[in-house]
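User: Please take a close look at one part of this assembly, the side of one chain that meets its neighbour. A connected account of how that part is built would be appreciated.

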Amino acid sequence: MMLVAAGILLMLVAALTVAALWRRVALSDTAFRLFMVLGCTLGAIPAVRVLSGAAVPDVRLASLVPGGDWVFGIDTLSAVFLLAIFLVGGACALYGVAYAEHDHDRRRAAGAHALLAVLVAALALVVTAQAVVPFLIAWEVMAVAGYLTIISEPERAEVRRGGLLYLVATHTGTLALFAVFAIWGNGARDLTFASLAAHPPASAGVLALVLWLALAGFGVKAGIVPLHFWLPEAHAAAPSHISAIMSGLVIKMGIYGVMRIIALLVAPPVWFGWVLLALGATSGFLGVLWALAQHDLKRLLAFHSVENIGIILLGLGAGVLGVGYGHPVMATLGFAGAALHTFNHALFKSLLFLGAGSVGHATGTRDIERLGGLAKRMPRTAAVFLIGSVAIVGLPPLNGFLSEWLVYRSLFQGGVGTGSARFVVVAAVALALIGGLALACFAKVVAVIFLGNPRDPLAREARESASGITRPMAVLAGACVVTGLAPVLVLPPALRVGSMLARSASRDTMSLVSAANGPVTVFVLALAAGIALAAGIALAWAARRARSSVQPSRTSVETWACAYPVPLTARAQYTASSFAAPVLALFRPVTGVSVRRTAHSFATHAVDPVRTGLVLPAWRGVAQAADRIRRLHRGRISLHLAYVIAVVIVLLVYLIAAGGAS
Amino acid sequence: MRLLAICLLPALGAVFAFALSGRRFGAARVSTLVGIAAVHLVLVATLWLHPAPAAFGGWMGQDALGLIVLSLTSVLFFATALYAVGYLRRERPRGGRVFVGGLLGFLAATSLVALSQHLALLWVGLEATTFTVAPLIFHRHDRRSLEAVWKYLLISSVGIALALLGIFFLATAQSGAAGRPLLLPDLLAHARDLHPAWLRAAFLFLLAGFGTKMGLAPLHTWKPDTYGEAPSLVSGLMAGALTSCAFLGVARITQVTMAAGMAPFVQPVLLGFGLLSLAVAAIFIIGQSDVKRLLAYSSVEHMGLLVLGLGLGGIGAYGTVLHVLNNGLAKAWLFLVAGNVVLATGSSAAAANRGLMRTLPVSGALLVLGLFAITGSPPFGLFQSEFTILRAAVGAGHPWIAAAMLVFLAVIFVGMALLILEMALGDPTPRATRARESWWLLAGPVALATAVLMLGVYIPAPLQHALASAATALGGLAP
Amino acid sequence: MSRNALISLIVLLVAAPLLPGIALKTKSVLTGRRGAPVLQVYYDLWKLGWKRSVYSATTTWIFRAGPAVMLVSLVAAALFLPLDGRAAPAAFAGDLVAFAALLALGRFALVLAGLDTGSSFEGMGASREVTFATFAEPALFLCLIALVLATGELSLSGMLGAPLAAAWTRAPASLSLVGISLFVLLLVENSRVPADDPATHLELTMIHEVIVLDHGGPDLAVILYSSALKLALFAALVASVFVPRARLGAAASVVALLAALILVSAAVGVVESAMARLRLTRVPQLLAGAGALACFGIVLLLA
Amino acid sequence: MHTAPQVALLFIVLMNFAVLGTSRLSTCIRAVAVQGLLLGVLALLLAPRFSLHTGVLALGTIVVKAVTLPWFLAWAIREAAVRREVEPLVGFNASLLLGVLAVALAFAIAARLPLPGMQQELLVPVSLATVITGFIVLTARRKALTQVVGYLVLENGIYLFGLTQTESMPFLLELGVLLDLFVVVFIMGIVVFHINREFDSLDSARLDELTD
């Protein structure tokens, strides 16, 4: 734990140096890069050690404020998140420095870097805090640092609105967390997680209240539908490397919270599992559907975070049901799937956001309808974005498939079991539908942005981003590929987390690890065999052709346009709206899409139905009610004195009533 | 002997400052203000190291609760004095004499309230604060401050009159019992044999009287006008120190009633006032457009929290006493920063002050951090006290009160965030250039901000001990 | 990886192009025409193999990689099917998910390759392909879930192998429902008549043919072979459900496999001759119908 | 002999009604002056034995409540040149009615609060009645000066109750209370003077610029 503390300290030092010497750009940038990389690696070491089975001693500070000692420690659950934090946090920090290299306002850039370092440090503290008070303090510092990084360009009204929506949502969530820990810690000896675990809520009613409040509090941060309304706005407002950290890490704290609550509860109730399953399915389905309807790249990716949170919840739900119905294997696989998907999502989602940032940086716009043909102009960004897309859709060779496979595996394990756990298997259909929609969405994104002809001069003049920007993306993409192709690296730690949450005996985990490890390697071998077979045929065929007199292929031809005399213009291509229209038509009531159809153009505009239909009207209602009450209170002095007299009379009546009673 | 000095020194200073009429004595007046503030702070600090014996025939004494309020007042006054140096240099007020005299008189009055063990003496001190603050509110001599001071005088005097009636009721209640009349130690010793009917009446009227001075809803109507129109440092002092002294009055009578075992009678009233204040603050904060009026309603909210904590008992009492300290420091910090804003742009309306982070970077940052502090976000002290009060609400078996408290806090956060963030972050009005912020105007708020941040993370041992004994005195217990 | 499984795999890979020919042959015979020879697809493959491939200027490496990735994914998917009725070359608990994901990978590659050309026809095809996929995947999973519930096995080898025969005795009704819905799935996935008409020439109505409009020469050959292989995979799936071949001998199982494939493609031919194309918006309802059948099967099993 | 204090108490209640009923400010001020005088007399009557303490106290009361403050208010009237409460928020007859109700309420409350060892059972109800009358005048009138008069009536009611505690309230504190009262009313007078100069009318209803 000391190393993590050292890492965090280094990051704060990085923040201070960049804030102090912001005038000397070169020095502060290199110092910042050095400290951040050093801090992240130092912090990552204990995480890796814990994940590989070793134990790291806790750090216990005497209680200086009410609420018992401050304990910090790393268990397997925090280790997974810690590793993701340091990996993605470091990459985003380096990307941020390169991104702001030629930013004219040096003061603001330095401020942004310092805040980013504080945000990563706060994230590390949140996952290592093992007591309520430090957890809540780190939680709010993370929320506030997140807010300040989001509004790095405050002059734009859209940024201010997005930031405010984020801040209000997280603060309300934090208040719900206050209630959770106040209720849970009511009878406990002190407010450390250990004593909370030793003293679970007594009655089922209190447990239900605590769980619903925890779901609300952590759900707002994680972006579970319908509490996700702030997420797209905040991501659209923030600079891309901040959205990467937001989506990759900050919303994962919501998931970490739910997992920590499950870890603290000896036996999470069965209904909680079904609720998680239902929320996961709705969040997943609605998240990807709304993503399909978006044209703003960052909003689209933000909605996809909601979808992936849905998938993680499906895993968690399967885990809780496994524990509830007494299926340790199902529980372990479910939790392992959830933990692994959280880690994977942190990797490929931040990769996609950095890619979006690179595209935005080069073209200056986020609206994908105006892009196209960037693969030729920005080959490295295109390749990396493609890797991210394949991973997020969960297609075989990469890590996204691995974690989705674990979740599927736990759901099917339920089906094979006996008793009412068999109904769990139906959730697999929801996951399949989500997968199908995700495929549609990312086919659209990749095709509309990178393939075909550029639809706008902006896209035509785009240049590849500097190496400082593409290098962190390459690192993340590499991580995705490695974890995808070498599951033996990632599966054992994930299963170790799963068994910790499912409280299954370690003996089971080892058998499970071998059970899970074996087949996946078989899968990779099968894939390799397929490639080898196809390559063999192709080579043999190419050799025969080479001997024959077939001319080489021609590449100067225009795309075939049914022999139309004029060559195809960019307008002939399918746009994002037209590509997604048939799918959205199937789910019209839920998508919040408004179609604008004129004689010569077709465009859809999508708005988040929860935000416009539920949250904003609710707030307007409260404000109007307050306004009406305020109008009763005009400024006249006699009215104010009348209030004083009214109080005196009420107190006198109370005196007589109570006086008589005692 | 030191207790007398703590009260008399500022009084003499006030007379001395009042005597130095004319502009050429301006520097002398200001140096007396800062000098006396410093000496007062040192004297109070010595009280912490080795407590002073009771003085003036037992009428003045030092107990945990009084000491906390006294040190809060002294710290706030010193910060405000530093601020006043910068303020008076920039404002060049006509009545500099009245201004400094009033401030020092205010310090004397509040010190008297904090140290008095005799309830009537406490009443006289509190009444004295009313007429020392009145000329300060009327500082700008324009139509709006005239209306503010008239409303303040009328409502406060009516409140104080009710408190006087309460004190007479208490005296009658004690007529049967042994011990010197109206002296807190004796009252507490013989609490059981006070006449119950009169004690109840005394509690209610004292609560109504001091509640008006505190600004509990619905007796709060003078607060937004007064804090809105008075100079910011005066509003800061009133919101931080004056309300704490008024709360001290309520705390004294609660001590007596708790000792007399009347908790079932007392607690519902306190809870009622607390929730009503939170509700009124929430309703009036939404859509607020003036930052000082916003802070006034925030003060109503925090007074509601104080009384709520007191009414909940258990660790709620500890939360309340800690909250007095936190709220005082945070309120003064925010009012001083609002003062900077008003000094730079001449108006406290949100519309006129957009883009503060660009024009007044340090004040803008302090304002945004202040928003998080005053709404009880964790790293700051107010989170500790509000969280303790919440835990007390759950512990005392009032889940609905805890729920209502959280809902109101959420709505208040939204209202305040809407205003303050729009001010701090909006695109600056074109003519506003980056003003140079003088060090005098920033020293106070920065010091107070670090104090509030410290209290959020670390409570020093002597303070912890004082808080615990104050909580037990109020019928609660330390967490 | 028994010898028999290897032989069945090779038989499948070789015989794949035969199936579209048989389907076409049956359709033309039933509609009173001689129709193209059964081996027509082999001739096309050979012809295309020797042609020069032409690539449009707007395309990138994705256009060239599309067909290759599709072929590889389908071959890998074939490895998981228990073609000899007992065990697939590669099998592990949860490989049904891998099978579905490989199909999805193939589809993703094809769609991207199509969109790379920047022509509206490919865009149209891709959009429709993706729309049908959103319903096809859940339908496929419903069928697989039903098989899991029926046989209590988690890998395709188990589900479609020996335990399936025992399962038939226990729940014949639900398994037949699953078989039918798999057959409907086959028709939609391989763009057979009710969903799409392989013989049409009007690009606006095509789905699969229009995605590959710009592919030529060897690329088109690979794509033709891949789609034939995909048809063979689905036919094998349907065949394994209806005709459990676990108890037959080594040679007998291979013959049985071939016979089943021919039978299924003939059935496809019959359906093509009997029905006309559905309107585009009806196809999702058709898939939903297939899904409903599978759901009904599941309910029967769970009840 | 105890009838004399009762007579004085009855006169105080009469003065209450005078303040409520009259529309002329000068009558109000004279009524308050008489009340102050009666308070001084009562202080002497109620004290068990005449001592320097009670003598100085009574004298102080008379000087402050009966002489200086009314004189100061009269000066304020001349300064502001205002004669009459034009149209009060609550009509004069309605105020009188409220006054009667106030007395009834006071007696009801006093019945529930038995004053231990109190020989003068009339004193508590009268003081409560005066307090409530003070409230009525404060809220029912628009002129700032009338509101100050209302505050004085309120203060007299409380002071009247204070007389029961002569032996428990040390001398210094009585003076403190008197001093406070004097200074507050003095400052109110200055503010009234400013209101008159600013708004050239004493109608406090005009003071409603500060709203949310």
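Analyst: Chain B and chain C do not touch, and their nearest C-alpha atoms are 41 Å apart. Chain C likewise makes no contact with chain D, the closest C-alpha atoms of these two chains lying 55 Å apart. Chain A is another matter: in this predicted model, 60 residues of chain C are in contact with 65 residues of chain A. Among the 4 pairs of chains in contact, chains A and C share the most contacts.

The side of chain C that touches chain A draws at least two residues from each of several elements, namely α3 (40–50), β1 (54–56), α4 (61–80), α5 (95–116), α6 (120–151) and α13 (282–302) of chain C. Of these, α6(C) gives the most, with 17 residues. Sorted by class, this side of chain C has 39 nonpolar, 15 polar and 6 charged residues.

Chain A has a helix α13 of its own, which spans residues 328–363. From its first C-alpha to its last, this 36-residue helix of chain A reaches 51 Å, close to the 52 Å expected at 1.5 Å a residue. α13(A) is also mostly covered, since 33 of its 36 residues are buried, where buried denotes 20 or more other C-beta atoms within 10 Å of a residue's own. After α13(A) comes A:Gly364, with a positive phi near 85°.

Definitions and conventions. Residues are numbered from 1 along each chain as its sequence is written. Chains are lettered from A and ligands numbered from 1 in the order in which they are written. This is a predicted model: local features need pLDDT of at least 70, side-chain atom pairs count only at pLDDT 80 or more; totals for chains, interfaces and linings use all residues. Helices (H or I, at least four residues) and strands (E, at least two) are DSSP runs, numbered from the N terminus. The expected span of a helix is 1.5 Å times one less than its number of residues. A residue is buried if 20 or more other C-beta atoms lie within 10 Å of its own, exposed if 12 or fewer, and partly exposed in between; C-beta atoms are placed from the backbone. Two residues are in contact if their C-beta atoms, placed from the backbone, lie within 7 Å. Ala, Val, Leu, Ile, Met, Phe, Trp, Tyr, Cys and Pro count as nonpolar, Asp, Glu, Lys and Arg as charged, and the others, Gly among them, as polar.
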